[in-house]
Amino acid sequence: MDSAPAKRRKLDHRKDATDVALESAALTGISRSRAFVLETDELLDSVRLDYGAAFEGADGLLHRIKGAVEGIKAQEALPAAEATSKLEKKHKIKVPFPDPRPHENSNYKVTFAKPAQFNVVGSYVSKTMITTQEGHGVDMVLVLPQEILQEKDYLDLRYFYKRAYYLAVIAAALRKEMGSEAELSYEHLNGNPLCPVLAIQPTASKPKDMDKRMLDYRIRIIPCAPDGFFPKAKLHLGASLVRKGREGDANTSSEPTPFYTSTLVAETCFLSYLKALKQAEKKCAAFKDACILGRIWLQQRGFGGSISQGGFGHFEWAVLLALLLQGGENKGQAALSASLSSTQLFKALIQFLSMTNFAEKPCVFGSANPDVEPLLEYGPVLYDSARQLNIAFKMGPWSAALLHQHAKWTRSLLASRAADQFNPTFILKTDVPSHTYDFVARIDIDKASRESGSDSRGQAWQLSTQVYLILRRALADKEMGERARLIHIQTQACAPWHLAEEPKAPKSSPLEVGILFDPVNMARTVDRGPSAGPSAQEKEECESFRRFWGDKSELRRFERDTIRETLIWTSTTPFDLCEEIMRYALGLHLRIGHLHDEIIAHGNGVPSLLSLKPADKTLFNVAKKAFGTFERDIRDLEDLPLRASGKWPESLVAIQRTKIAFLLMIGRLLETSKPDEIKTHVGLENSKYETENLSFLDVVYESGPSFRLRIHSDLEESLLERQVKDKTAEQYLRQRATTLLATFRRLYTNLPLHNQYMSTSSTRFPALSPTIRLVKHWFNAHKLSYHFTEEFIELAVLHVFLTPYPWDAPTSASTGFHRTLLFVAHWDWRSEPLVLDTSGEMPAAERTSIATRLEAWRKIDPNMNHTVLFVATAQEPSGVAWTTLDGQPKPSKVVATRMTALARTATRLVREQGVELDCRRLFVPSLREYDVLIHLNGKALRSTLKTYAAIDPEDEGENSVGRPAKFKNLDEHTGMEPLPLAQHPAELFLEHLSATYGGPLVFFRGGVEDNTIGAIWNPQVQKRTFKVNLPTSYKPVAAQKRSIGDEDGDDKGESVEVNKEAILSEIARIGADLVERIEVRGV
């Protein structure tokens, strides 16, 4: 899809308007980068909120909340257990303590005093919310007073216990204050189990006259610690701050608790970051717009500030951009200029993220140089030295890798001068697993051993980390060759809970693992480990290898007498190999996967519909080898001129007759050269005119392969071009010559080039060939393939590989299929051409010319009677070679619209049901839309397909039972003569129906195995006034219908309508035994 904006010109609509418009196509246009800026400016205008209307009443509600909190009486300090019991009994409200809860015998004392400070923070203050984000909220921060805290509260969750009690007291007061005006609930701040917050959702009904722009917003009450209260020297990332276990006993482990520590530091940084972001806004005028663009980019890729959404959202984007504007990365000077525009800032940050993987190398901002390299084993590091905060503390190594990968893909897109940069960057949703990952598995974590650890991340997080580390070692080992380019773990979010309830942990929610294949290495069935040499290093490497792989590892001898640790896998396809390796590795180390329901794999449902397997390539190679043999047999013929000759007659009719003579000679020479191996037969084309190709030669090998041969003459093309340009000739002759010339070029020029390029591309993209087969199967299943050329379907799939943005090229048939459907669903073929740069060097001027050519066609033919889809390549820039056949559009506008509607329905189903979707549903045709269903007789079809050449003569004895015998009156030569290669009878029947009744009916049929032809009545050729030479069978309208339908007093002639019954009777008569029954709907 390519549509570079071009300046529009007025076009002449006179008799020769087509030629004038196409020849005057402008080569002017604006650059991609400039277009991207204009489109982002328009996007920003469309997503901005009118805060006065959207948050009407929010400020008043905030003041009311502040007053209610200030009115809460101070309490005396009591032990946590006693204070909690009193609060729960009095107000019927639960204290949202983090896990583990404080021990009953603990001496921690909790209390309440008036907050030291109230502040509204977040996107509401910076005004960087957008209309399309999932939820709109206002964050109010309440700073805990220092008198209720102690210096050592940073240890053993003591601060978080006090914070939870403080929040519960506020919740009780606000519930009493709000009554039925608001709904109150607890939720975790960004999914952090240490930080519950209070969510207030106003429930007052909106007046009818209220502005529709008003949002259903909510207010979150967030208690936080005073800045600088805890000693910074104690809060370094390597500190171990949780020293007591679940039962209150001492924890002897000295493991660092970076997540706990970072959460504690983050609790003190709300106001500090508020000031930093305000300074960035003042310093850089485009800062807010760049933050909005970043929000959209992250949202479209499924990222957010919540742990379940990757832990990198709008806040992290804004802080990172502010740090780059202020001090840069470890340099002391700004890395970005404050004079940059919003799009320039966006591109700069995308480049930064594409070059920095926080999970592989720590990124430190500020003049300090702390030693954070060892802490990478606990998670990604994006360290703000000024505040001693790891900004990426909510991220897992998998989400950091995914963010890095998406940034690389977007950077590649923005560097492309040919691709549409805007839509893949900001419009397309890329968070559907079926579009991103080749393999998706759901792991039942209830059956796994679960340890929460001492870092307060939770059991699901600990298990996710273990699964990720094991799979990274098993599938992404660089020394053995990475099978997987990306491994991602999707954890489930914790839902909000009622004030009187305990938080509902997602115990039954499985982990979702997505894997992106390396297409070259994932199909490997043998893994070569370290060499079993005598050195100490080699012995240590082998020992480590055996510890991880267990009994699966064995010693094998390879070339040059090298002995290596080796893994042998039994599966053959990439998907099955991935599942086998995953089940073995997780079963060995976590005891998960031994039972089938513990790991449920998704992603192979679509390819399994066609039984795609490695043996298919072998069969194709056999066919390719047979063609090579046929080519050699032709070239080895003596006295056969295989080069251009000047002796061709300068007459199109004579050339066709000469071709027949050549074919007869070639057939005779082939049979003479290999008398026992080859049989030939000259057949006649279904030609309308003597000036088009009349004949072909069928070459049948006794071993099975058959080929159809036609002859190409350069002079024929020159003569047709001469007729097209001959302005003295009749218009219909020139039009006929134009159609014949297009057919000639398609057959002898475009198809060979297309076949050559598709063959090369299939080698370049291993997943291309099976993806094409799947997409063709989808077109067949929905009865669309009759209206589309195979070349168009192949080019539509190839476009997804050549221009894969916002991803990389698909690496499996499943992702290729889903992305092709996504492209078809979003392609606006009415105004956008599909442009494939098959040469890799298509200039921008040619792309603009193609877009202008389509614009000209649409002005000349607004109803799309001649040109519907416009598909251009570097070798064929006209745009109609693959979407027009014999002068008729393939498909028509009606069929193209149906293709788009079906693709949109399929993509919506994939998005709504995700990996749980039964892929067979995507291939179930809907027959409700058809007015007529012609059911073909399967037995008659099979009988018609039989030929004498397919029967073994040795099996035709007189005593043969159940086998047809040859006619007795045929001599030996006639009886053994092979019949022409048969065209499928259903296909031939449909061609005749379309030629005869293509006006009143539009027919639909799928592949060879489809025995039902669907048809709809064309509303444009229904009731009309009678005249001579009507396009089909009509009958007079009944008197009652005429009196109702002719209210306008039109007496010019008798009204007639399509004689549907007669047409269907004729169809049944033509089909004879081939038609089993005709089902009529709505007649």
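The model is predicted, so local features are taken at pLDDT of at least 70 and side-chain atom pairs only at pLDDT 80 or more, whereas totals for chains, interfaces and linings use all residues. Residues are numbered from 1 along each chain as its sequence is written, and side-chain values use heavy atoms, with hydrogens and water left out.

Let me begin with the whole protein. It has 33 helices and 31 strands. Helices here are DSSP runs of H or I with at least four residues, strands are runs of E with at least two, and both are numbered from the N terminus. Of the 1083 residues, 50% count as buried. Buried means under 20% relative accessible area, exposed means over 50%, and partly exposed lies in between, with a 1.4 Å probe and protein chains only. Contact means heavy atoms within 4.5 Å. Among contacts in the protein with a separation of 6 or more, 70% are between residues 24 or more positions apart.

I turn next to the cysteines. How many disulfides does the structure hold? The structure holds zero, where a disulfide is a pair of cysteine sulfur atoms within 2.5 Å. Cys269 is in no disulfide, and the nearest cysteine sulfur, that of Cys224, is 9.8 Å away. Cys269 counts as buried, because its relative accessibility is 5%. Cys195 is likewise a buried residue, with a relative accessible area of 2%.

The backbone comes next. Most residues other than glycine have a negative phi, and most peptide bonds are trans. Where does this model depart from that pattern? A cis peptide bond joins Asp99 and Pro100, with omega at about 5°. Pro100 is placed in the loop between α5 (80–91) and β2 (109–110). Another cis peptide bond joins Lys890 and Pro891, where omega is about 10°. Pro891 is found in the loop between β24 (888–889) and α28 (893–913).

As for phi, Lys127 has a positive value of about 55° although it is not a glycine. Lys127 lies in the loop between α6 (123–126) and β4 (137–143). Leu157 has a positive phi as well, near 65°, and is a residue other than glycine. Leu157 sits in the loop between β4 and α7 (158–178). Are these residues buried, partly exposed or exposed? Lys127 counts as partly exposed because its relative accessibility is 42%, whereas Leu157, at 3%, counts as buried.

I now come to helix α11 and two helices that meet it. The axes of α9 (residues 270–283) and α11 (residues 314–326) come within 10 Å and cross at roughly 60°. Axes are lines fitted to C-alpha atoms, for helices over the stretch in contact, and angles run from 0 to 180 degrees between N-to-C directions. The angle therefore makes α9 oblique to α11. Angles under 35 degrees count as roughly parallel, over 145 as roughly antiparallel, 65 to 115 as roughly perpendicular, and the rest as oblique. The crossing of α9 and α11 is left-handed. A crossing is left-handed if the near helix is turned anticlockwise from the far one by less than a right angle, and right-handed if clockwise. Among the residues of α9 in this contact are Tyr273, Leu277 and Lys283, and those of α11 include Phe315, Val319 and Gln326.

The axes of α10 (residues 287–300) and α11 come within 9 Å and cross at roughly 140°. These helices, too, are therefore oblique to each other. The crossing of α10 with α11 is right-handed. The contact includes Phe287, Arg295 and Trp297 of α10, together with His314, Trp317 and Leu321 of α11.

Within α10 lies Ile296. Ile296 is buried, with a relative accessible area of 5%. Which residues does Ile296 touch, not counting those up to four places away in sequence? They are Leu43, Val47, Ile130 and Phe426. Ile296 and Gln133 are 163 residues apart in sequence, yet 8.1 Å apart in space, C-alpha to C-alpha.

Thr907 is buried, with a relative accessible area of 12%. Leaving aside neighbours within four places in sequence, Thr907 is in contact with Leu821, Leu822 and Ala825.
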